[in-house]
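I am opening a notebook page on a structure that is new to me. I will write down what I looked up, one topic after another.

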Amino acid sequence: MNRIRLLPLLLVAGIGCSSSGVKTHPMAKLDPMPDEAPVYLFIRTEELPDCPWETIGSVTADEGWLATQHERDDVSAAVRRMGGQAVILESREDTEATVIRFLDPYSLCDPRQ
């Protein structure tokens, strides 16, 4: 009988739930970005952003997260909550990404040019 009462408590507490494997590691508390803001992806060996930027933390995701739209969306949402605008990976197989935000004048710079 105690187990029956404990299960709803664990579910409400989030202990019994399976959720996204995305974990954030912020370096500072920043205001979040709007939900519709783009989150850019850069692979260090292929390209880096042209706009000036700073590292604000990192995110860790499940292996193979780039192959699934749902997991990419989860990473993007986590980056926005941290106040980030892009992630940088060392390679496409990485599970940890550096989270960055662009420095002013970001409005005058396209990160992909």
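Does Gly64 count as buried, exposed or partly exposed, and at what relative accessibility? I found that Gly64 counts as partly exposed because its relative accessibility is 41%, where buried means under 20% relative accessible area, exposed over 50%, and partly exposed in between, with a 1.4 Å probe and protein chains only. I placed Gly64 in the loop between S3 and H2, and I noted that its C-alpha lies 8.6 Å from that of Arg92, although the two are 28 residues apart in sequence.

Before going on, I noted that this is a predicted model, in which local features need pLDDT of at least 70 and side-chain atom pairs count only at pLDDT 80 or more, while totals for chains, interfaces and linings use all residues. Residues are numbered from 1 along each chain as its sequence is written, and side-chain values use heavy atoms, with hydrogens and water left out.

Entry on the overall layout. I listed two helices and five strands in the protein, taking these as DSSP runs numbered from the N terminus, with helices being H or I of at least four residues and strands being E of at least two. Read from the N terminus, the elements follow the order α-β-β-β-α-β-β. The protein has 113 residues, of which 30% count as buried. I also looked up contacts, meaning heavy atoms within 4.5 Å: among those between residues at least 6 apart in sequence, 77% join residues at least 24 apart. The protein exposes about 7,500 Å², and carbon and sulfur atoms supply 53% of that area, which comes from the Shrake-Rupley method with a 1.4 Å probe.

Entry on the cores. I looked for nonpolar cores, which are sets of buried Ala, Val, Leu, Ile, Met, Phe, Trp, Tyr and Cys residues joined through side-chain atoms within 4.5 Å. The largest one has 16 residues, and Val59, Val75 and Val99 have the most contacts inside it. Strand S3 (53-60), helix H2 (69-82), strand S4 (86-89) and strand S5 (96-102) each give two or more residues to this core, and H2 provides the largest share, four residues. I then found a second, separate core of six residues, with Phe42, Cys51, Ala86 and Ile88 among them.

Val59, in strand S3, counts as buried because its relative accessibility is 2%, and its C-alpha is 8.2 Å from that of Thr95, 36 residues away in sequence. Val79, in helix H2, counts as buried because its relative accessibility is 0%. Leaving out residues up to four places away in sequence, I listed Val39, Val59, Gly84, Gln85, Ala86, Val87 and Val99 as the residues that Val79 touches. Where does Asp31 lie? I placed Asp31 in the loop between strand S1 (23-26) and S2, and it counts as exposed because its relative accessibility is 67%. Asp31 and Arg80 are 49 residues apart in sequence, yet 9.0 Å apart in space, C-alpha to C-alpha.

Entry on the largest pocket. On a 1 Å grid over the protein atoms alone, a pocket is an open set of points where a 1.4 Å probe fits, with protein on both sides within 12 Å along at least five of seven lines, and lining residues have an atom within 4 Å of a point. The largest pocket holds about 160 Å³ of space. Its lining includes Tyr40, Trp65, Gln69, Arg72 and Asp73, and H2 gives the largest share of that lining, five residues. I sorted the lining residues into seven nonpolar, two polar and two charged.

Terms used:
Grid points are joined across faces, edges and corners, and a volume is the space filled by probe spheres set on the points. Ala, Val, Leu, Ile, Met, Phe, Trp, Tyr, Cys and Pro count as nonpolar, Asp, Glu, Lys and Arg as charged, and the others, Gly among them, as polar.
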